[in-house]
Amino acid sequence: MSDERLSVTIASSGTKSGGIDLRNATVAGYILPATFTGTGMTFEVSADGVTYTAHSASSVTVAQGKAYAFPAEVMAFPWVKLVSGSTESAQRTIAITRKR
């Protein structure tokens, strides 16, 4: 099993990150920056990395500078986007970790 680190961004005035490849990942998590303004995180999932749909069963209350595991329900999909509960006032870079 190898540890991998990458990052995704949520654009200024945006709510959604770019797609995160979870194919073959056994566990994965994300670390929010200290400047993150959203207090909730939901997820969009995809089977192909192109067409995303809201995952209605998963939402997480989040705080600035904290780390979270992806919910098991989200890990069932090969691709995911993070969706902030609030519009971010500046670009936010979110660290992603995954084990394959």
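Predicted model: local features only at pLDDT ≥ 70, side-chain atom pairs only at ≥ 80, totals over all residues.

Biologist: Happy to see it! What makes strand 4 and strand 7 a pair, and in which sense do they run?

Modeller: Strand 4 and strand 7 (residues 79-84) are joined by six bridges in the antiparallel sense. Residues are numbered from 1 along each chain as its sequence is written, and side-chain values use heavy atoms, without hydrogens and water.

Biologist: Why is strand 4 called largely enclosed?

Modeller: Buried means under 20% relative accessible area (1.4 Å probe, protein chains only), exposed over 50%, partly exposed in between. Five of the seven residues of strand 4 (residues 40-46) are buried, so the rest of the structure largely encloses this strand.

Biologist: What do strand 4 and strand 5 form together?

Modeller: They form a hairpin with six residues between them, and Gly-49 in the turn has a positive phi of about 80 degrees. Five bridges join strand 4 to strand 5 (residues 53-61), running antiparallel; Gly-40 has Thr-61 as its bridge partner in strand 5.

Biologist: And why are strand 1 and strand 6 at the edges?

Modeller: The open sheet has four strands in the order 1-8-3-6, paired antiparallel. Strand 1 (3-10) and strand 6 (67-69) each have a single partner strand, so one side of each lacks a neighbour in the sheet.

Terms used:
Pairing = 2+ DSSP bridges. Helix = DSSP H or I, 4+ residues; strand = E, 2+ residues; numbered from the N terminus.
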